[in-house]
Amino acid sequence: MQLVLLGTFTLSFMTWRVGSVQVSDGIFLCAAVVIVFKLLAGADADLAPAHARRGTVLVLVGSLLLIAGGTLSSFRSWNPTESISVVLRFAWVTLVLFWILRAVCRDRDDLDRVLRAWKASCLVNAGAALLGMAGVAFETPHNGNRQVGMTFHPNHLAAQLAATFVFFLLGVPATRGLGDRRAQVWWLTSLGMVAVALFSTGSLTGLAAVVAGAAAAGVAFVATRAPSRRRRSPFTPLVVVAVLTAGAVLLFTSDLPVVDRLLGLREGDRHVVASVDSRGRRNEMVIDRFDQFLVVGYGFNLGTARLDPVNPDNPDVRNFGVHNMYLSVLYQAGLPALLGVLLMLTTTLRQLVALRLRADPHLRMLVVGLIGSFAAVTTTAMFQPTTFDRFFWMPVALTGALWSVRRAELRAGRDGAQPPRTPAA
């Protein structure tokens with residue numbers, strides 16, 4: 001668990017690498033080795049039980065479809081080795097990383113610890129962006145003072161922050177060891193840091209993802225019915241709405257990069273408009289050739305993305321630079337791989353809906369937060385190639401772990417009660 005927490009804490013630090021391997025992945029690999037040794041030695045008392053470590057069949061089928069489609073498409077690639085290396089990333093994330101989280105999350109307390117580590121990762125990255133704004137450290141190389149924090153691109157930072165924004169907004173999981181007043185101050189401080197950092201990226205995609213995530217969480221919150229018949233107090237929702245309104249007014253009246261880009265889009269700024277229009281043209285290249293990718297795609301080529309306006313069918317072009325993740329999977333790995341991704345996502349959504357209906361008060365807000373996070377990352381994927389980015393799959397992985405924990409609780413006839421525990425290794 002300690003290795004998993006450390007790996008999760010470094011999840012958003014994309015510039016922390018040893019060669020081409022992100023430090024976070026190296027730490028998770030160490031955690032996987034420790035888990036395997038524990039299982040071989042029979043010392044698995046501090047791990048989740050065997051039935052909880054097994055994943056959902058449909059998620060597994062979707063992962064295998066994605067990997068199989070990517071492997072077949074790699075034989076069509078002009079650089080099969082590079083393409084296979086990307087397929088291995090999918091296998092690592094959707095098979096190994098999912099399994100690691102299910103193995104170490106024995107109960108809801110463990111889930112809370114992992115989620116806190118993920119939030120801490122994004123909060124530190126937000127702090128790096130704020131230092132960049134002040135010119136102290138982590139200064140951005142991008143025009144328009146668009147901050148990158150500890151990532152390579154403003155859109156990367158925005159996507160990381162958007163994935164966790166709803167958890168900061170809802171205060172999930174609840175802060176421990178602080179009084180009510182200190183907890184409120186910490187909530188407002190952390191929420192403000194993440195919001196300002198996200199606006200400092202100038203990412204319109206990140207802004208859309210936050211709006212979608214907050215809206216989905218709001219709908220899930222309103223639609224959720226508590227088991228008791230006591231009437232809910234409207235105070236908490238009113239506070240959240242008031243904070244959102246005040247924060248939105250302050251942010252949208254500031255001179256932060258995202259506001260400048262919104263104004264530029266409205267006023268026809270050629271750089272902003274060209275960026276938006278180019279994405280549409282790249283998407284059309286895939287949509288117009290849908291029949292060419294019904295079985296296999298071009299392979300996962302990570303070379304320079306470009307368009308050939310004279311001959312769109314130029315065989316030299318193997319990376320269209322499509323920003324829509326779903327279309328990107330289609331032309332690179334084929335329709336079966338895309339169906340695999342959609343199967344994993346729809347299964348996760350069904351699990352979240354089922355958990356919302358069966359959750360007790362403690363889990364209810366966690367499920368609402370996961371729904372918001374899931375909506376945010378899937379919205380980001382509409383405008384950004386996030387296929388094997390860890391933040392994109394994190395809500396899916398956490399949902400799978402929560403599904404296993406809740407299923408184990410219901411099997412044991414518990415409703416939130418924790419079993420006796422062996423201290424985590």
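## Starting with what "buried" means

A residue is called buried when its relative accessible area is under 20%, exposed when that area is over 50%, and partly exposed in between (1.4 Å probe, protein chains only). Take Tyr331: its relative accessible area is 1%, so Tyr331 is buried. Tyr331 sits in helix 13 (residues 325-333). Val286 is 45 residues away from Tyr331 in sequence, yet their C-alpha atoms are 6.4 Å apart in space.

What you see is a predicted model, where local features need pLDDT of at least 70 and side-chain atom pairs count only at pLDDT 80 or more, while totals for chains, interfaces and linings use all residues. Residues are numbered from 1 along each chain as its sequence is written, and side-chain values use heavy atoms, with hydrogens and water left out.

## The overall picture

The protein has 16 helices and two strands. Both are DSSP runs numbered from the N terminus: helices are H or I with at least four residues, strands are E with at least two. There are 425 residues, and 50% of them count as buried.

Contact here means heavy atoms within 4.5 Å.

## Inside the protein

A nonpolar core is a set of buried Ala, Val, Leu, Ile, Met, Phe, Trp, Tyr and Cys residues joined through side-chain atoms within 4.5 Å. The largest one has 98 residues, and Val114, Trp118, Trp393 and Leu398 have the most contacts inside it. Helix 5 (residues 80-104) gives this core its largest share, 12 residues. A second, separate core has five residues, among them Phe199 and Leu256.

What does Trp393 touch? Beyond its neighbours within four places in sequence, its contacts include Val93, Phe98, Met344 and Phe388. Then there's helix 15 (residues 361-383): 18 of its 23 residues are buried, so helix 15 is largely enclosed by the rest of the structure.

A salt bridge is a side-chain nitrogen of Lys or Arg within 4 Å of a carboxyl oxygen of Asp or Glu. By that rule there are six. Arg106 pairs with Asp110 at 2.9 Å, N to O, and Asp110 also pairs with Arg113 at 3.6 Å, N to O. Asp110 and Arg113 are both in helix 6, three residues apart, or about one turn of the helix. Asp110 is buried, at 0% relative accessibility, whereas Arg113 is partly exposed at 28%. Shared partners join Arg106, Asp110 and Arg113 into one network.

Elsewhere, Asp46 and Lys38 form a salt bridge of 3.4 Å, N to O, and both of these residues are buried.

## Out on the surface, and in the loops

Leu29, Val33, Val36, Phe37 and Leu40 make a nonpolar patch with about 500 Å² of accessible area together. Patches are made of residues with over 30% relative accessible area and no salt bridge, with like charges joined within 9 Å and nonpolar side chains (Val, Leu, Ile, Met, Phe, Trp, Tyr) within 5 Å. Accessible areas come from the Shrake-Rupley method with a 1.4 Å probe; for residues, only the protein chains shown count as cover. Leu40 belongs to helix 2 (residues 23-41) and is exposed, at 70% relative accessibility.

Two loops are worth a look. Val172 and Pro173 are joined by a cis peptide bond, with omega about -10 degrees, and Pro173 lies in the loop between helix 7 (154-170) and helix 8 (180-200). Phe138, in the loop between helix 6 (108-134) and helix 7, has a positive phi near 55 degrees though it isn't glycine.
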